[in-house]
Amino acid sequence: MCATSSHSSKSENSSSTARDKGWMDSLYDRLAEDDEGRVCKGISEKACRETPGNFFKFLVANAFTSVGDKLASAKTTLPWLLSALGSPAWVTSLLVPIREAGAMVPQLWIGAWVRQRAVRKSLWTLGSLLQGLALFVMAWISVSQSGAAAGIGILLCLIGFSLARALSSVAYKDVLGKTIPKTRRGRLSGWISALTGLGSMVVGGMLGWFAKDASINNLTLLLSLSGGLWILAAWVFLQIVEFPGETDGGEEGWSHMLGRLLLLREDRAFRRFVVARALAMGSALAAPFYVSIAREDLGDANRYLGLFLAVEGLAGLLSAPLWGRWADRSSRRVFIVANALASVLTLTVVLVTISNLSAAVAIWFYPAAFFLLGLAHAGVRLGRKTYLVDMADGNQRTDYVVVSNSAMGILLLAGGLIGALLASVSILLALTIFGIAGLLASFIALRWKELNLDNPTS
């Protein structure tokens, strides 16, 4: 009788699994356009069988964290919050450099630790939990402190948040490369960005509609909501089916990873990638300057912050699926075109701002410019992320990721500090430098090797 009961239980579980897999298969076919035969390029046969479920789990987990990232953005929400708390201006100028560089520089050392683990999804989960905790502490600081104390406290939390993000970043790209096939990674990233855009647009629209004043409570709620999304994402990501991968070189530790810095000297294609990526940093660093200029002309009511969150979300919603599909065809071209768009836009903002906009024009021009910047930056980010993942396999991919991100972190921190100094003289001067550097980045990327087209060329 026990055997019969056990057999019946196994049959029920098998039927349930089949139904779940069928639902996952259907969803995957719709989102990844994989209905004409499963694509398994770049991953193992075992991993390919789990692709539909893993695709969906990646989508949900990263949509949660990406929406959370927008709600607690160092480009919009945190500068607005620090201004409301009366924090010093120097704190605000350090938000984006620390947020970005802090997530990149430690990857050179974290990568050596990650290499020692055959299964790496738990490392992403740990990073996500720590980021959620940092955001909850920020929310507490915003209601209990003010002035310099609040600013320094939030800055310290942002450092912790960024260090945890560094761990998640290294693990994410490796798990993605092991579980999602080539030619489908860009589409996954595109759909993640689309859901992020929709979530940000809804929350930003609600904030813009209901928040007529400059109340700190609304900003604290955004931080708390963001922290909750990171916690939920950690649970979802842990459900991904990941098979053990390479651990070669992990035992060599940090000395091995320091030696990988020679990639920048020896690998010409990789060096071109890093140089172009560094020059393209203006698509990210320019955003708070857009907001700063607009805040001076429009005022500090939270409804304007909601407006910027909403238009940034709309940009992601409209652009991401297009960028993602194009990135699977040619991530190189996506980077070139999107970065050129961001650079030309930034130079246009400088010229238009010099003309002294009237209030009637400013109310639509700045949100429109911020929308287009979000549109372009989504393409820059998606293009270079997809290109980097597709450049190599296995531990070479991990080396590329950690060396690229660590080098970029140092350069970004330096660029952010230079940008802050330039902005102390003139915000428009800083934006001009970012625009020119971005155009140079697109020119350099013309010499990248084409990876994804049917007939690759150098």
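Guide: A quick term to begin: helices (H or I, at least four residues) and strands (E, at least two) are DSSP runs, numbered from the N terminus. L133, for instance, is found in helix α7.

Visitor: Where do these coordinates and numbers come from?
Guide: This is a predicted model, where local features need pLDDT of at least 70, side-chain atom pairs count only at pLDDT 80 or more, and totals for chains, interfaces and linings use all residues. Residues are numbered from 1 along each chain as its sequence is written, and side-chain values use heavy atoms, leaving out hydrogens and water.

Visitor: At what angle do α13 and α18 cross?
Guide: Helix α13 (residues 268-279) and helix α18 (residues 427-445) cross at roughly 160°, with axes that come within 7 Å. That makes α13 roughly antiparallel to α18 (angles under 35 degrees count as roughly parallel, over 145 as roughly antiparallel, 65 to 115 as roughly perpendicular and the rest as oblique).

Visitor: Which residues in α13 meet α18?
Guide: R272, V275, A276 and L279 do, and on the α18 side they meet A437, G438, L440, A441, I444 and A445. Contact here means heavy atoms within 4.5 Å.

Visitor: And how do α14 and α16 cross?
Guide: The axes of helix α14 (residues 282-298) and helix α16 (residues 359-390) come within 10 Å and cross at roughly 170°. So α14 is roughly antiparallel to α16. Among the contact residues are Y290 and L298 of α14, plus Y366 and F370 of α16.

Visitor: What about α14 and α18?
Guide: Their axes come within 10 Å, crossing at roughly 155°, so α14 is roughly antiparallel to α18. The contact includes F289 of α14 and F434 of α18.

Visitor: New topic: how many salt bridges are there?
Guide: A search of the whole structure finds four. A salt bridge is a side-chain nitrogen of Lys or Arg within 4 Å of a carboxyl oxygen of Asp or Glu.

Visitor: Which residue does D69 pair with?
Guide: D69 forms a salt bridge with R99, and their closest N and O atoms are 2.8 Å apart. The pair links distant parts of the chain, 30 residues apart: D69 sits in helix α3 (residues 51-71) and R99 in helix α5 (residues 89-101).

Terms used. Axes fitted to C-alpha atoms, helices over the stretch in contact; angles between N-to-C directions.
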